[in-house]
Amino acid sequence: MEVLVSKGFVVLAQNNKNGDYIRQAYALALSIKSTQIDVTNISLVTNNRVPKKYKAVFDKIIPIPWNDDAKNTQWKIENRWKLYHASPYYETIVLDADMLLLEDISTWWTYCANFDIRFCSKITNYKLENVIDTVHRKTFVANNLSNVYHALHYFKKSKKVAEFYKILEFVVSNWELCYGKFAPLEYQNWLSMDVACAVAIELAGVRDIIDTNSPLQFTHMKSPIQGWTINPESWQDMVPHHLTSNGKLVVGNIAQDKLFHYVEKNFVTDTLLTELEELANVK
Amino acid sequence: MKTVGAVIFAQNNSSIDYVKLAIFAANRVKTILNIPVSVITDCADWMLSAYPKESTVFDQIIEIEYASTTNQKRFNDGTLSSKFLEWKNLDRNSVYDLTPYDRTLVIDSDYVINSTLLLGALESDHNFQIYKDSRSLSSWRDNTEFERINQYSIPFYWATTFIFEKTPEVKSFFDVISYIKSNWQYFRTLYSIEVATFRNDFAFSIAIHLMNAKTSGIFAQELPGKMLYISDRDLLISIKDGKMKFLIEKENHLGEYTAVSLNDTDVHIMNKLSLTRFIDGGSGV
């Protein structure tokens, strides 16, 4: 029987026509290596080819279990429920590929260790203002769903969590039926993991897996929630950003904390990647 | 034993007698907060000759060098009257060195103390306290300019009223303000500030941001409550027995006002001309 390493991060990345998510996962892994004190393990779940240089920063590169359910889709999310099964860790924090960790989050691990599973439900904008996204999340509001973000969540290998992921698998596989039952208002006619998780929470009756005391939080860079009077196509057109030599990411002159969800694919430039490599001491 | 007191700046221009405002403000501080008040002024001799008796309200008169300035801004006096006047605001960073007190309340001369609210803040352990949140007595005006220095940037803090204790950290803060002032064009570009004129509120906001390592830190504690203010397009009617009466400009009705009264509340009265009229004759209208 395989002995599980105690803690680690897991990221799923599948390239599509528009985006190199493996490259983003590599940037995330570099940020983890350079900022985390206790937990620096990160595994990549993918069926894509991973460049040799990138492989060095991942502990494991794990094929997507049970075939690729997103083979024919553009927004490749159909495999995300499999992360529970793919994770090689006893305790896992799941992150989206287009994120960077900017500070040590040991306290998150300590907090989450008290529970089997915890989802993030809080975001800030780059001004570090807590925001509730009512622009993209109309169905959450209309149907009183838990304001859950799959992009950041924690789980432990346990019977309870396995049950939850079984339900999540069901919702992902039957999302139209489930949305019709649990999210009929402001109906969202595409599959998203956040709505699927919110519906799974309703089905499982486990609303307590998000809580107001949880430290899980990230900066979300979708333009409409930045508190601007205009809604630009790209947030990068509105505010400058740079990574300092000691790893501070400064956006609009405001140093970002903890976890940064940059959203836009062109954020990871060659320059940024080189800077992250230097910070992580990866040649 | 730690000394505690208030400091008010008074630098006159051609139309506004800031010394008169400072004397009025100092009397209220002494009466209501019961702490000594000193004035920092560039016209001490004139003050002593113009207000020989009234100047005795001050614990100390601290003279700074007179300097002419090209800083000008529009001073409104209600909705229908305004003038461009000289605006001297470049010495606020020197208050750390000039104050005679260990713990100092600094107020603008148009900040009218009308409650004991700040006494608790003077007695607290925090080394630097300032207002971030504010509220206009006008319910319809867009006040977002007082929430952030602009919509893309950092939180706005009011240099109108603050309390500080002399500590190395607080000294660093004032040093940072001096640095910002010396390099104002650089900092205003960096923080996307449109107006070229140096403004203490912006310099304080930037300095607090830097003291917080460019993130949301705890260097500056917020003073209790919110800073209430009237714009210079509003008018003060009167202040009597803790009751203040104002005329607040109506939306879309130039020259028309709504009467508002407040009890036992400190108010920043931006209409200095109206405040002066009240001090002179008992009515600011």
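How are α1(A) and α9(A) oriented to each other, roughly parallel or roughly antiparallel?

## About the model

This is a predicted model, in which local features need pLDDT of at least 70, side-chain atom pairs count only at pLDDT 80 or more, and totals for chains, interfaces and linings use all residues. Residues are numbered from 1 along each chain as its sequence is written, while chains are lettered from A and ligands numbered from 1 in the order in which they are written.

## Two helices in chain A

Helix α1 (residues 21–35) and helix α9 (residues 270–279) of chain A have axes that come within 8 Å and cross at roughly 30°. Helices are DSSP runs of H or I with at least four residues, and strands are runs of E with at least two. Angles under 35 degrees count as roughly parallel, and α1(A) and α9(A) are therefore roughly parallel to each other.

A27(A), L30(A), S31(A) and S34(A) of α1(A) meet L273(A), L276(A), E277(A) and L279(A) of α9(A); contact here is C-beta atoms, placed from the backbone, within 7 Å.

## A covered strand in chain B

Look next at strand β10 (residues 158–165) of chain B, where seven of the eight residues are buried (20 or more other C-beta atoms within 10 Å of a residue's own, with C-beta atoms placed from the backbone).

β10(B) pairs in the antiparallel sense with strand β6 (residues 103–107) of chain B over five bridges, pairing being at least two DSSP bridges. Here T104(B) sits opposite F164(B). Strand β8 (residues 128–131) of chain B is also an antiparallel partner of β10(B), over four bridges, and I130(B) has F162(B) as its bridge partner.

## Where the chains touch

Twelve residues from chain A and ten residues from chain B make the contact.

Methods:
Two residues are in contact if their C-beta atoms, placed from the backbone, lie within 7 Å. A residue is buried if 20 or more other C-beta atoms lie within 10 Å of its own, exposed if 12 or fewer, and partly exposed in between; C-beta atoms are placed from the backbone. Axes are lines fitted to C-alpha atoms, for helices over the stretch in contact, and angles run from 0 to 180 degrees between N-to-C directions. Angles under 35 degrees count as roughly parallel, over 145 as roughly antiparallel, 65 to 115 as roughly perpendicular and the rest as oblique.
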